[in-house]
Amino acid sequence: MPPDMPFKPALIVVDMQNDFCPPDGSLAVPGGREIVPLINELLASPMFEVKVSTQDWHPSDHISFAANHTAPNNKPFESFIEMKNLVGNRPEQTMMQRLWPVHCVQGTRGAEIIDELDVSKVDVNVRKGMDARVEMYSAFSDSFGNMTEGAGGVDLDLASFLHARHITHVYVVGLAGDYCVKDTARGAAKAGFATYVIEDAQRCVDPDPAAWAEVKRVLQQDSVEVVHAQSNEVRRVLQPCGQL
Ligand SMILES: [Zn+2]
């Protein structure tokens with residue numbers, strides 16, 4: 001990157017919620033709490049222009065809950081259902097949606113951000129997945145690409161919010177690496193931000209290293225850089241300017 005290119009980074013901390021964390025989250029991501037110290041270190045950094053947290057925030061009749069579908073095609077983690085783009089008024093557009101255990105229901109303890117995360121450093125929290133008819137892994141749009149602010153899907157148009165603050169770079173961390181972190185990072189890149197996923201500040205639903213390798217391939221294909229906590233890209237947001 002040319003040294004004179006503006007650098008106004010934002011941090012997005014994805015879905016660090018009780019239901020996504022061991023030991024008793026309903027959709028606990030293996031090792032989900034191990035990443036908290038690094039994320040808190042990032043949250044404490046004065047280098048970020050904006051720090052965002054996100055929350056999966058579902059109504060109890062959400063389409064992704066296996067319990068809302070009929071047997072035998074209603075096994076959490078295993079079953080898929082056909083989801084239609086009803087939000088976008090294009091029902092002919094469909095995709096296969098994986099079913100999950102009930103998780104992050106609005107107003108429940110499971111939907112709260114975990115106590116260890118230093119939310120005092122967060123500037124804005126985005127709630128997503130509020131439209132029962134559609135999945136929303138990304139904080140930027142639903143799975144069909146609809147940005148549904150005001151229509152029940154999400155409570156903030158995050159791309160417009162970040163552009164209005166002249167953000168140039170977005171760093172994405174949190175849970176889960178293979179779903180909401182992945183799609184939020186792809187959404188950030190699509191919105192025009194130079195986007196990084198910090199590899200050691202995420203954990204995946206599927207702990208198989210081969211699965212993460214495939215996620216990385218998709219991210220890189222969509223212009224997201226996957227970086228390590230020791231990389232220059234991360235060091236420059238953890239240390240004040242001029243110390244590198
Ligand atoms: Zn969800």
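Predicted model: local features only at pLDDT ≥ 70, side-chain atom pairs only at ≥ 80, totals over all residues.
**Surface.** The protein exposes about 10800 Å². Carbon and sulfur atoms supply 51% of that area.

**Charges.** Select the charged side chains next. There are 21 positive and 33 negative ones. The centres of the two sets lie 2 Å apart.

**Fold.** Five helices and eight strands make up the secondary structure. Trace them from the N terminus, and the order reads β-α-β-β-β-β-α-β-α-β-α-β-α. The radius of gyration is 17 Å, close to the 18 Å of the globule rule for 244 residues, so the protein is as compact as a globular protein of that length. Along the principal axes, the C-alpha trace spans about 60 × 40 × 35 Å.

**Contacts.** Draw the contacts between residues at least 6 apart in sequence. Of these, 72% join residues at least 24 apart.

**Zinc site.** Now centre on the zinc ion. Which protein atoms are its donors? Select D56 (OD), H58 (NE2) and H103 (NE2). They lie 2.0 to 2.1 Å from the zinc ion. Along the sequence, the donor residues follow the spacing D-x1-H-x44-H.

**Burial at the site.** Stay here and select two of the donor residues, D56 and H58. Are they buried or exposed? Buried means under 20% relative accessible area. D56 has 3%, so D56 is buried. H58 has 0%, so H58 is buried too.

How values were computed: Residues numbered from 1 in each chain as written. Heavy atoms only, no water. Donors = N, O, S within 2.8 Å, 3.2 Å for Na, K, Ca; no water. Buried < 20%, exposed > 50% of the residue type's maximum accessible area, 1.4 Å probe, protein only. Helix = DSSP H or I, 4+ residues; strand = E, 2+ residues; numbered from the N terminus. Rg over C-alpha atoms; globule rule 2.2 N^0.38 Å. Contact = heavy atoms within 4.5 Å. Areas by Shrake-Rupley, 256 points an atom, 1.4 Å probe, with all protein chains shown as cover. Lys, Arg positive; Asp, Glu negative; His and termini not counted. Charge placed at Lys NZ, Arg CZ, Asp CG, Glu CD.
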